[in-house]
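User: I am new to this structure. Please take me through some of its parts, one question at a time.

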Amino acid sequence: MERYICIHAHFYQPPRENPWLEAVEAQPSAYPFHDWNERITAECYAPNGASRIVDDKGRILEIVNNYSKISFNFGPTLLSWMKEKQPEVYESILEADRRSVEQFSGHGSAMAQGYNHMILPLANRADKETQIIWGIRDFESRFGRMPEGMWLPETAVDLESLDIMAEQGLKFAILAPSQAGAVRRFNAKNWKDVSGAKIDPTQAYEVRLSSGRKLALFFYDGPISRAVAFEKLLDSGEQFAQRLASGFSDARKWPQLMHIATDGESYGHHHAHGDMALAYTLRYIEEKNIARLTNYGEYLEKHPPKLEVQIIERTAWSCSHGVERWNSDCGCCAGGHDWNQQWRGPLRAALDWLRNSVHALYEQEAQHLFREPWQARNDYIKVVLDRATENVNAFFARHRLEERDFSHDERVRALQLLELQRHAMLMFTSCGWFFDELSGIETVKVIEYAGRVVQLSHVLFPNEADALEAGFLDRLSQAKSNLPEHGDGAQIYAKWVKPAMATIRDVAAHYAISSMFEVAGRDVPIYCYTAEREQFLPIERGDNRALLGRVRVTSTITEACGAEDFAVLHLKGDQLFAGVTNASENGELQALAGEIEQAFKSKDSSSAFASVENHFQGADYTLKSLFFDERRRILDLLLETTLRKSEDDYRAIYKEHEPTLRMLSAAGVEAPRVLLRTGEFVVNAELRRELGRSDLDVEHVVRVAAQAMGDGLSLDVAGLSFTLQKTLERLMEELCHRMEDIERIRSVSRILELPAKLGLAVNLWRVQNIYFKIAHEYVFGAKKLSPEWPDAFIRLGEQLSIRTYRTDRLGQPQEAA
């Protein structure tokens, strides 16, 4: 009988976007990367799109796209981020699905996912429907086809969710073996108990629903799936392949499907180089003819179910207590601390109450705008995916209650209502409950989404909003942190969420303050807003500067807008103060400009400060008011001169005491901490600057590093490695356009000697990819190049651990190096 293998990988990160800016802000814990999405992309998502097959010497033989030979799903919110921030990786995922359609009898390997990873059995029916519909529509917009299957978040399942999936045209889902209760042959009378993970995973099953609909279910092999995550199965691709093969049995008399479901981050993030183990496994299976690689859609078409199954409802793959990990202190946790998770229940109760409250208000208000408010919500994903004006207009044309166009105020109100609903779903993202502590970043994020719901409620329902917020916070206060300094959920809301709530005025303040340090255009994008300059009045006298103006800020999400007058003072000694208020047409801004100019002439900066404070009456802002990422950038600009001077001062101290450091290091005695930190600051700053240069001086870098290590100083290995990685990637990109420049090739070769000499761990993944691209375009494309070019290019490949080929003068491969 035929044998098939299918490896499913679930790739997912929770939504990390600031709900007021629609952007992922810097997460210092992901250093040296900007945020965890970026870090995990570098460690896992990108490598699996271009994974390495290596020989016994560790040299790269081939670069392959793992996604094209496995089954996989990506969270829609992660793909949305990736499309903007990592377009090459995003395209490799789409391309893999296109290839899989060709390889697997017209069936693509990509699966959809419930939109923002909500635990569906704990959701109401309206949210279940929207999550499934949004997951399907998001998938269609990216992959250009209807999905056949959907990954249920955490495989959390109930019959109502399966029925909605079947109603929407989906064909199958994947569950854990522990979620099967009983099986029987079609039309048989008696059921066979398979609870306790006793179901045979090697065939498809069918669940028949009370509506008359049906859905195919695949129950993955539990022991082998767990071995990938917890038993170091990815240490050896051959071992991985053999373990998969061990799941087959000659006793079975049907075409067997050996399949596993795994956390996709296992292949590179949780297990370094796990992508390479996966690539080798897939190749080994094919070369040794162990089984035919397939995906669920292809297997289902060739071998439809012959058995009916009953599921165990309200269960999941990552909780042995049903779905209580997202509802109570069930005992499931990440571990490592002596903490409880008693906060889970009160958090869910507070969010359930908030959702139910705003659902009623939404229905009451939206019925005056939309023919069917819940259908409008289900269709709103099309606006989320494309906020172009013509697309928003088309959405309103489909759903508005009356034939006439909406007024501007009606458009804004309609979009705000729908955004309230979007965030009322985002606040149920599963990671908010998965981990151990209420103050963790994932849990704070779901409280932030709830905060956006509360803020929009104040705009949409002013008569009810105060009571709504008070009721929510009263319930949230019942969720207690394990850390005394954080208190409870209401205190966390007050400490972190409330201050983060951005308004049109806050965006105007950001525009005003940042304009003091860089020339602002007439129309400036600021995250999910646009700032249109209407007036601009700069004033400068000596060390004192002021900037007054008017800006119109418009949300690209809700189309809400407002004009704000502003004034910014930057006084001697880096004192900065700004005021923002509603725009006025009575000439007050020009009068204020006159007062400030007169104060500057009189060298009376305190008078200028008083004038601004009096005009704006407490609506004051400082550098701290800038949004986080931009605040760091502006502060870097402000501090550049100061830091450079400090670096010069520290360098003088370091040079003065360098002989002492060297003597202590040679004697094996630790130098005073103050001298070590001074030297490390100077050396790492110099190396970062030099390694970031395209024309970096290799000999100088080696000399500085060697001297520092001789002095007993520690290099910032992570930061310096990251800086050198970006430089090499930039140089290789330039090489694509100037390939005939042999000196440029030799320059990159010299730079590639630095990691070994400095003890750096540079990720050369993208550099190697570019080399392969150049090799195919120039070598195999028979481009005419200089006689010296092949040897230089081959040496570069050898340095990148790529198996290279000697070539003739036309660049044609002749023999293996």
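This is a predicted model: local features need pLDDT of at least 70, side-chain atom pairs count only at pLDDT 80 or more; totals for chains, interfaces and linings use all residues.

User: Which strands are at the edges of the open sheet that has 6 strands?

Analyst: The order in this sheet is β15-β16-β17-β18-β19-β20, with antiparallel pairing. An edge strand pairs on one side only. That is the case for β15 (523-526) and β20 (620-621).

User: What angle does the direction of α20 make with that of β17?

Analyst: α20 packs on the sheet and touches β16 (529-541), β17 (544-555) and β18 (561-571). Contact means heavy atoms within 4.5 Å. Axes are lines fitted to C-alpha atoms, for helices over the stretch in contact, and angles run from 0 to 180 degrees between N-to-C directions. With β17, the direction of α20 makes about 155 degrees.

User: Are α20 and α21 roughly parallel or roughly antiparallel?

Analyst: Helix α20 (residues 588-601) packs against helix α21 (residues 605-616) at about 160 degrees, with their axes 8 Å apart. Angles under 35 degrees count as roughly parallel, over 145 as roughly antiparallel, 65 to 115 as roughly perpendicular and the rest as oblique. The two helices, α20 and α21, are therefore roughly antiparallel.

User: How many residues in the contact of α20 with α21 are charged?

Analyst: From α20, Glu588, Leu592, Glu595, Ile596, Ala599 and Phe600 take part, and they meet Ser607, Ala608, Ser611, Val612, His615 and Phe616 in α21. Ala, Val, Leu, Ile, Met, Phe, Trp, Tyr, Cys and Pro count as nonpolar, Asp, Glu, Lys and Arg as charged, and the others, Gly among them, as polar. By that division the contact has 7 nonpolar and 3 polar residues, and the number of charged ones is 2.

User: What is the angle between α16 and α18?

Analyst: In this pair, Val444, Ile447, Glu448, Gly451 and Val454 of α16 meet Ile492, Tyr493, Trp496 and Val497 of α18. The axes of α16 (residues 441-460) and α18 (residues 489-500) are 10 Å apart, and the helices pack at about 80 degrees. That makes α16 roughly perpendicular to α18, the angle being about 80 degrees.

User: Where is Pro32, which a cis peptide bond joins to Tyr31?

Analyst: Most peptide bonds are trans. The bond between Tyr31 and Pro32 is cis, with omega about 10 degrees. Pro32 is in the loop between β1 (3-11) and α1 (36-49).

User: What is the relative accessible area of Tyr527?

Analyst: Tyr527 is in the loop between β15 and β16, and although not a glycine, Tyr527 has a positive phi of about 55 degrees. Buried means under 20% relative accessible area, exposed over 50%, and partly exposed in between (1.4 Å probe, protein chains only). Tyr527 is partly exposed, at 28%.

Conventions
Residues are numbered from 1 along each chain as its sequence is written. Side-chain values use heavy atoms; hydrogens and water are left out. Helices (H or I, at least four residues) and strands (E, at least two) are DSSP runs, numbered from the N terminus. Two strands pair if DSSP finds at least two bridges between them.
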